[in-house]
Amino acid sequence: MKYRTKKRTPTTCKDSTKSGLKQVLGQISCLIRAKCRDWQVKLESMQPTDTGLVVTASPRGHTALCPCCGQRSHSVHCYRPRKFQDMEFLGREVTLVVITRHFRCRNAKCARKIFAEPLKMASPHMRMTHEVHERIMHE
């Protein structure tokens with residue numbers, strides 16, 4: 001007698017029990033979670049708005065390297081939110097708010113005393129993610 005083994009399927013973003021807007025928001029949330037893993041940020045919250053979605057995240061690391069001298073710092077000076085325009089998902093605008101940390105450089109010889117931790121999704125002073133910037137440049 002042969003035993004039937006249950007096929008294991010990889011986890012997907014699709015949930016057939018949801019319908020309409022809940023299913024769309026579920027798919028968007030799954031895509032956002034995947035992006036957060038790629039960007040190495042921790043997803044804090046997702047709040048739907050009238051026009052889209054506001055995603056709040058924070059970096060996963062506990063330290064950062066000083067861009068001037070390269071010394072690793074553990075000393076957090078302050079926390080500041082950075083707001084980015086991200087790609088639209090299924091016609092809904094996505095705003096990404098990342099709570100970034102500013103660190104103190106403890107190297108006495110370094111000219112930079114305070115610096116912000118680098119983010120994978122955008123360069124310093126950018127108000128949009130690299131994906132949005134690339135899309136605009138190629139249109």
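**Pockets, cavity and the strands around them**

By class, the lining of the second largest pocket has six nonpolar, three polar and four charged residues. This is a predicted model. The volume of the second largest pocket is about 210 Å³. Its lining counts 13 residues. Nearest its centre lie Gln 40, Pro 59, Gly 61, Glu 117 and Pro 118.

Next, the largest pocket. Its volume is about 470 Å³. The lining is made of 19 residues. Of these, Arg 82, His 102, Ala 116, Pro 124 and His 125 lie nearest the centre. Ten lining residues of the largest pocket are nonpolar, four are polar and five are charged. Strand 5 (76-89), strand 6 and strand 7 (114-116) each give at least two residues to this lining. Strand 7 has the largest share, with three residues.

Rolling a probe the size of a water molecule over the atoms shows where empty space is left. The search of the whole structure finds one cavity of 30 Å³ or more. The largest cavity holds about 30 Å³ of space. Its lining consists of Ile 32, Lys 35, Cys 36, Trp 39, Val 55, Asp 86, Val 94 and Leu 96. Six of these residues are nonpolar, none is polar and two are charged. Helix 1 (20-39) and strand 6 (92-104) each supply at least two residues of the cavity lining. The largest share, four residues, belongs to helix 1.

Strand 2 covers residues 52-59, and seven of its eight residues are buried, so the rest of the structure largely encloses it. Strand 2 pairs with strand 1 (residues 41-48) through seven bridges, and the two run antiparallel. Within that pairing, Leu 43 has Ala 57 of strand 2 as its bridge partner. Strand 1 and strand 2 form a hairpin, with three residues between them. Strand 2 is also joined to strand 6, here by six bridges and in parallel.

Notes: Residues numbered from 1 in each chain as written. Predicted model: local features only at pLDDT ≥ 70, side-chain atom pairs only at ≥ 80, totals over all residues. Heavy atoms only, no water. 1 Å grid on protein atoms, 1.4 Å probe; cavity = no way out; pocket = protein on both sides within 12 Å on 5 of 7 lines; lining within 4 Å. Points joined across faces, edges and corners; volume = space filled by probe spheres on them. Nonpolar A, V, L, I, M, F, W, Y, C, P; charged D, E, K, R; others polar. Buried < 20%, exposed > 50% of the residue type's maximum accessible area, 1.4 Å probe, protein only. Pairing = 2+ DSSP bridges.
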